[in-house]
Amino acid sequence: MELNLTIDRGNTALKVALWDRDNRMVRQTVSFDPAGAADLVRSILEPGDTVAAAIYCSVVSAARGADMESLAAFCPRVIDLDCNTPMPLRLCYGTPETLGADRIAAAVGARDYAGGRPAMVADVGTAVTYDFVDAKGYYLGGNIAPGVSMRLAALHAHTSALPEVDTCGNTPLWGSSTEEALRSGALRGVAAELDYYRRAAGSDAVTVLTGGSSPLLAKAGIIDFDYIHDPYLVHRGLNCILRYNEII
């Protein structure tokens, strides 16, 4: 089977996905082991698979060289996504070279969902990034804030009395214990930010949610507006960019 390969190396996980020629994700896997990307790609390929095109994005600069060298074994040309890569998005950012490749890919994926409407994408991970794409496909920028777990860790680390609390447990509107107060404050704080930015994006904007901690928001039932939840949004955007480069 002829497939497109997308690779996303984040701060805590390495994610690989395969897409068929109808742009459907057929397989995906994730590893929290810092091993090379080639090992993970081998684990997902089946007999008869052929990688027609590949694209890689990473926020871990130290791993880029080894990853790119090892991926050459699967495809003669692997796109290393950065701000100069041709893409179906125009970056209006003062320092585009500092813009994370994962944020670029997520914005492209959100744009793909939105069609001709504006899009606001929130990637809830170690940090939370809020990014906005207008109806014409212009990436106008975004903001970065601490993620849920980072907020909880910071409250414990920078105070003398607050305990270390994990993200599993009740998140009532008003916490009835210190644990609940910390957990609800962190999780509902992110939800409130998300609501603020989607309002700022405009009533016609499509809100897209992704990231490793995004299921926490969905399960807590504290989001009371329409949104799209796609845990593979970065991969969707990577595949869109790959298709774009096959056309031009």
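Modeller: A salt bridge is a side-chain nitrogen of Lys or Arg within 4 Å of a carboxyl oxygen of Asp or Glu. This is a predicted model, where local features need pLDDT of at least 70, side-chain atom pairs count only at pLDDT 80 or more, and totals for chains, interfaces and linings use all residues. Residues are numbered from 1 along each chain as written, and side-chain values use heavy atoms, without hydrogens or water.

Biologist: How many salt bridges does the count come to?

Modeller: Side chains of opposite charge can pair when their charged atoms come close. Applying the rule to this model, the count of salt bridges comes to 17.

Biologist: Which residue meets Arg27 in a salt bridge, and where does that partner lie?

Modeller: Arg27 meets Asp49, with 2.8 Å from N to O. The pair links distant parts of the chain, 22 residues apart, with Arg27 in strand β3 (strands are DSSP runs of E, at least two residues; helices are runs of H or I, at least four). Both partners are buried (under 20% relative accessible area with a 1.4 Å probe; over 50% is exposed, in between partly exposed). The partner is Asp49, in the loop between α1 (37-44) and β4 (50-58).

Biologist: How many residues apart in sequence are Asp67 and Arg9?

Modeller: Their side chains meet in a salt bridge, at 2.6 Å from N to O. Asp67 belongs to helix α2 and Arg9 to strand β1 (residues 2-9), so this pair ties together parts of the chain that are separated in sequence by 58 residues.

Biologist: Are Asp67 and Arg9 buried or exposed?

Modeller: Here we look at the two partners together. For Asp67 as well as Arg9, the answer is buried.

Biologist: Which residue forms a salt bridge with Glu246?

Modeller: The closest N and O atoms of this pair are 3.6 Å apart. Glu246 is in helix α7, and its partner is in the loop between β2 (14-19) and β3, 225 residues away.

Biologist: How far apart in space are Glu69 and Gly221?

Modeller: Glu69 lies in helix α2 (residues 61-71) and counts as exposed because its relative accessibility is 65%. In sequence, Glu69 and Gly221 are 152 residues apart. From C-alpha to C-alpha, their separation in space is 44 Å.
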